[in-house]
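Let's walk through this model together, starting inside one chain and ending where two chains meet. Have the sequence and the 3D view open as you read.

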Amino acid sequence: MSTIKVSIVSSSEEIYSGEGTMVFATGSLGEIGIAPGHTPLLTGLAPGPVRVQNGDDEKTFFCSGGFIEIQPDLVTFLSDRAERAESMDEAEAIKAQELAEKNMHDKESELDYTKAAAQLAEAAARIKTIQKLRKNK
Amino acid sequence: MANTKEVRKQIASIKSTQKITSAMEMVAASKIKKTQNEMQLGRPYSEKIKEVISHIANSSSEYSHPFYEHRETKKACFLVVSSDKGLCGGLNINLFKQVISKSAELKEQGIESNFALIGLKAASFFKSVGGDVVANVQKLGDKPDPDALIGLTKTVLDLHRNGEVDQVYLCGNGFVNTMTQEPKVEQLIPLPTEETDELTPTHWDYIYEPEAQELLEGLMTRYIESLIYHAVIENSACEQAAKMLAMKNATENAGDLIKELELLYNNVRQAAITQELSEIVGGAAAV
């Protein structure tokens, strides 16, 4: 089976580097599936889960915003922050979501709206990742 | 001649200084490991983003980014990365000297310069030297946060975008090994285009989602940010290494000084005893 080289890096560390037969991620214009031999593509990376399939083995990672570069034989995720989905804490994520929601509604808050919205999107994506992971188990 | 009490006091004070410097040496030695580790962890990202950028440079993109554009230079901006704390030998001063000489060199060509500073030491140096400071971040701590640098990066990039600055130089110390650190002044913008002979000109291009311009703008900014962040981390590793060395030397010097003072102390004490004895003998003879 043909594979594609996958690397997921965040600014502070390398999260994953290896082969995959199929990769799923959330691009800035929607979900994309990447198979070996994909056309060169450069797109934004929206906060959300990134799933790397290698045969029957599947790994899930969480990436906050960034970029995806795709070449026929390799795919690179440049994430601002990425983590292994297993190490994520749902309680923390929900707390972050609540805080972000509060910031959005709180007009007195000095945080500007776009920042709060981005925070909210990230927290929601985090929770989605955890829940997806749980379903798979 | 000095009296024994005075000398003893001096020895005690130098000994306590020695204790401090040797403790600082040990602290720096343990921090080096951490900062070096961080440097290594950040490396994959900078390598990957560099790879992506070079892919883009090699593709026949429909859109060329202003960071690659060589325009007539009237003003240059120096982004100087320094440490927040002193006691690290000539680390900062060596770098500043190089920055100043480069800026003087540019001035001969009619290019004015201004400065964007990271770290307390750079801020105080350029305050005393006098220079047009456009941005300043300090007190990043031992674990620099990439978010803390975004503001400064944005200021510099905006200056470039508005045409107020035509060249940007990144100045920081390069970590060679624990004993050697090297001040570097590197051109950041315009990005040096790499000559790739082995790659024949390709005629492929990426599919961009959404627009090429928007995407490349973001990616380029992120690339510059990652370069700056890496420079900051590298500089902090250099700082710890230089501090360890400086403190080691200080501890050794204190040891030498204590040895000399102990010799002096013994001399003084012996002289006092001899004098006392001769006084007693003299006194006995007189009786």
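In this predicted model, a right-handed β-α-β unit is made by strand E1 (residues 75–81), helix H2 (residues 91–108) and strand E2 (residues 112–118) of chain B. E1(B) and E2(B) run parallel and are joined by seven bridges. To find your place in this pairing, look for Leu79(B), which stands opposite Ala116(B) in E2(B).

From E2(B), follow the chain onward through helix H3 (residues 120–129) to strand E3 (residues 133–137) of chain B; this β-α-β crossover is right-handed too. E2(B) and E3(B) also run parallel, with four bridges joining them.

Why is E2(B) largely enclosed by the rest of the structure? Five of its seven residues are buried, and therefore the strand is largely enclosed.

Now turn to the place where the chains touch. There, 19 residues of chain B are in contact with 21 residues of chain A. On the chain B side, helix H1 (4–58), strand E6 (207–209) and helix H5 (212–286) each supply at least two residues. H1(B) gives the largest share, eight residues. By class, this side of chain B has 14 nonpolar, three polar and two charged residues.

Strand pairing also links the two chains. Strand E5 (residues 41–45) of chain A runs parallel to E6(B), and three bridges join them. One pair to look for is Thr43(A) and its bridge partner in E6(B), Glu209(B).

Notes. Residues are numbered from 1 along each chain as its sequence is written. Chains are lettered from A and ligands numbered from 1 in the order in which they are written. This is a predicted model: local features need pLDDT of at least 70, side-chain atom pairs count only at pLDDT 80 or more; totals for chains, interfaces and linings use all residues. Two residues are in contact if their C-beta atoms, placed from the backbone, lie within 7 Å. Ala, Val, Leu, Ile, Met, Phe, Trp, Tyr, Cys and Pro count as nonpolar, Asp, Glu, Lys and Arg as charged, and the others, Gly among them, as polar. Two strands pair if DSSP finds at least two bridges between them. A residue is buried if 20 or more other C-beta atoms lie within 10 Å of its own, exposed if 12 or fewer, and partly exposed in between; C-beta atoms are placed from the backbone. A crossover is right-handed if, with the strands pointing away from the viewer, the path from the first strand over the helix to the second runs clockwise.
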